[in-house]
Amino acid sequence: MIKANIAYNDNQIVKMEISGHAEYANSGKDIVCASVSTAIIVTVNAIEKLNVLDGIKYDIEEGYFLVVVNKHSEILDALLDNLMYSLNDLSNQYPKYIKIKKEG
């Protein structure tokens, strides 16, 4: 199961930690894992391309993603909100494979 822990402060995402594997299907055929990975990679690429990388610290490894926001901006917050929207959508479609916990 993929677990996403999202921390908020004043309705802004301050930390996202996503870990695990969906185990929806065998490796290489797991559309749930692929969807979550793609959403994360697209978000980080957009953060880099739009030059708001200085607002975060992040770590990406196999089956793990951590982002900590240290400087909010309209663009950064919108990108992270969009990632959260995508994760919520996937969680609604595949509730046995993605669990989201929100704090704050």
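Mentor: Start with the largest pocket: S2, H1, S3 and strand S4 (64-69) each supply at least two residues of its lining. Helices (H or I, at least four residues) and strands (E, at least two) are DSSP runs, numbered from the N terminus. The model is predicted: local features need pLDDT of at least 70, side-chain atom pairs count only at pLDDT 80 or more, and totals for chains, interfaces and linings use all residues. Residues are numbered from 1 along each chain as its sequence is written, and side-chain values use heavy atoms, without hydrogens and water.

Trainee: What makes a set of points a pocket?

Mentor: On a 1 Å grid over the protein atoms alone, a pocket is an open set with protein on both sides within 12 Å along at least five of seven lines. Lining residues have an atom within 4 Å of a point. The largest pocket holds about 390 Å³ of space. Of its 23 lining residues, the closest to the centre are His21, Cys33, Ser37, Glu62 and Gly63. H1 gives the largest share of the lining, six residues.

Trainee: Why is Glu23 called exposed?

Mentor: Exposed means over 50% relative accessible area (1.4 Å probe, protein chains only). Glu23 has 65% relative accessibility, so Glu23 counts as exposed. Glu23 sits in the loop between strand S2 (12-19) and helix H1 (31-49).

Trainee: Why does Asn51 count as exposed?

Mentor: Asn51 is at 65% relative accessibility, and therefore counts as exposed. Its loop lies between H1 and strand S3 (56-61).

How values were computed:
Buried < 20%, exposed > 50% of the residue type's maximum accessible area, 1.4 Å probe, protein only. 1 Å grid on protein atoms, 1.4 Å probe; cavity = no way out; pocket = protein on both sides within 12 Å on 5 of 7 lines; lining within 4 Å. Points joined across faces, edges and corners; volume = space filled by probe spheres on them.
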